[in-house]
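Biologist: I am new to this structure and would be grateful for a guided reading of it. May I put some questions to you?

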Amino acid sequence: MPKLVIFRGDAVESEIRLTGNIVRVGRHERNDVVLDDGLNGVSRFHAEIRPEGNAYCIVDLNSRNGVWVNGRRIKERAQLALGVPATVGAFELALEDDISGTDFQAAAVPATAVGVSPRASASRQTGSAASATRPRQAGAAARTTARNPAVLWSAAAAAFVLLCLITYAIFKYSASKPAQTVAQTTPPATAVEQPPPPTPPTKTAEEIARERSNQDLVAARELIAAGQPDVALREHVQPVLERDPDNADAQELKRQAEQLIARPVKAPPRQPAAPVEREIEGITRRPNEPYDDYQARAKRLQAAILEGKNALDKQDYATAVARFRMVNNDQPRYMGADGLLADAVDKQRLALQDALNSGQLNEQAGRLKTARQWYQKAEYYDPTSTAAKEKEGSLLATMKSQAEKLLNQAGLAAKAQDTQLAIRLYQQVLDLMSPGDEFYEKARKENEALKK
């Protein structure tokens, strides 16, 4: 069963046995593995170690500085290989074989998550190899051999077996030789000790800060290119400037991010909302009638009602009747069109009859011009009335006959140089006829000529 070993520099901070459950790593005390990073390179909840089949992977929990494997920042997750470290801030996490449960693991580390300070204390109490400082190798295989106790014990066992074989061979060879030969034989060494590999120099705080800044700058460039300048500025550029205010690359990235944030975002053009096809109360839409045609027809009906009411107030009964009839034929009873039509027809009939009676009374009294005006008003009330047209036509013929006689008499008086008589006769024509009539205009011109 594998275990997770946490290093800080060359020192082993802690170990945790992986049992198939998710292990959360971060700065917060609620994590399974608490990494106390004074430089704030580790986020509160930085990453998770998750089982995947027979292997484990490390997942970045949107941390500020990310997770790095083999010098490259992972995007979301990466599979862990034995001995290949994953960098989290100033710490390295390595997956190694665990042989707990055998005679070689008498001093196994408990499988509970411990923070840096508690883990260091627990390691000292158990006396395991986790509290010792181990040399770090450049390759993954060398790291596994140096940090795995099983490999060391296996090497010791192999050396012991080899020593036994050599001893047995020497003993057998000595039995077949004279005593002096055996006395001259030098026994082999009891163990072959390999010199420890050179220990790489420990990174200084300045070097660690420089590496973190380079990682932040790389991440900031990726976020700006992905259209997230606000995240790049907040999570990566600002921390670099806090550590190194004069960092030229960080200042340039800050300028780029601020320009992108300040750039106005164009809102997409609004699409016009589809009109709601509502029917007007009292006006029924015809089958298959387009909505635009329906609206136009409804407006015409509404305008006709208003025009009819205005005409009725002006005693223009013909217009009122025409408008109300049109509305009632299209939409019976719309806005009381049927009642308005009946009222207009009654008023038209009464007005027509009153005008005809008044014209007849004036004609009988000899007031021909006034009688003609009443007959004309009757035609205005009802242009379809034949009675009004006949009476007005008969009266006009009588008036023209009288006007013609008066004009002839006036002409004779003018030739006899009886100017005053001629003027009186022409004035009688003007009083009889109406402006625009043929005899009226002729009498007006002759009268004006005599008065000059």
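Predicted model: local features only at pLDDT ≥ 70, side-chain atom pairs only at ≥ 80, totals over all residues.

The questions below concern the sheets, the helices and the surface in turn.

Biologist: In β4, what is the bridge partner of Gly 26?

Modeller: Strand β3 (residues 23-26) is joined to β4 by 2 bridges, and these strands run parallel. Within β4, the residue that partners Gly 26 is Val 34.

Biologist: In the sheet of 6 strands, which strands have a single partner strand?

Modeller: This open sheet has antiparallel pairing and the order β2-β1-β11-β10-β7-β8. Two strands stand at its edges, so one side of each is left without a neighbour in the sheet: they are β2 (11-17) and β8 (72-73).

Biologist: Against which helices do the buried residues of α8 pack?

Modeller: Helix α8 (residues 291-313) has 23 residues and reaches 34 Å from its first C-alpha to its last, close to the 33 Å expected. Its buried residues include Tyr 294, Ala 298, Leu 301, Ile 305 and Leu 312. In an α-helix, residues three or four places apart point the same way, because there are 3.6 residues a turn. The buried residues of α8 pack against α9 (317-330) and α10 (337-364).

Biologist: Which residue with a positive phi follows α8?

Modeller: The phi in question is near 60°. The residue that carries this value after α8 is Gln 315.

Biologist: Is Ser 213 buried or exposed?

Modeller: Ser 213 is found in helix α5 (residues 205-225). Leaving aside neighbours within four places in sequence, Ser 213 is in contact with Val 240 and Arg 243. Buried means under 20% relative accessible area. Because its relative accessibility is 7%, Ser 213 counts as buried.

Biologist: What is the relative accessible area of Val 161?

Modeller: Val 161 lies in helix α3 (residues 149-175). Together with Phe 160 and Leu 165, Val 161 makes a nonpolar surface patch of about 320 Å². Val 161 is partly exposed, and its relative accessible area is 48%.

Key: Residues numbered from 1 in each chain as written. Heavy atoms only, no water. Helix = DSSP H or I, 4+ residues; strand = E, 2+ residues; numbered from the N terminus. Expected span 1.5 Å × (residues − 1). Buried < 20%, exposed > 50% of the residue type's maximum accessible area, 1.4 Å probe, protein only. Contact = heavy atoms within 4.5 Å. Patch = residues over 30% accessible without salt bridge, like charges linked within 9 Å, V, L, I, M, F, W, Y side chains within 5 Å. Areas by Shrake-Rupley, 256 points an atom, 1.4 Å probe, with all protein chains shown as cover. Salt bridge = Lys/Arg side-chain N within 4 Å of Asp/Glu carboxyl O. Pairing = 2+ DSSP bridges.
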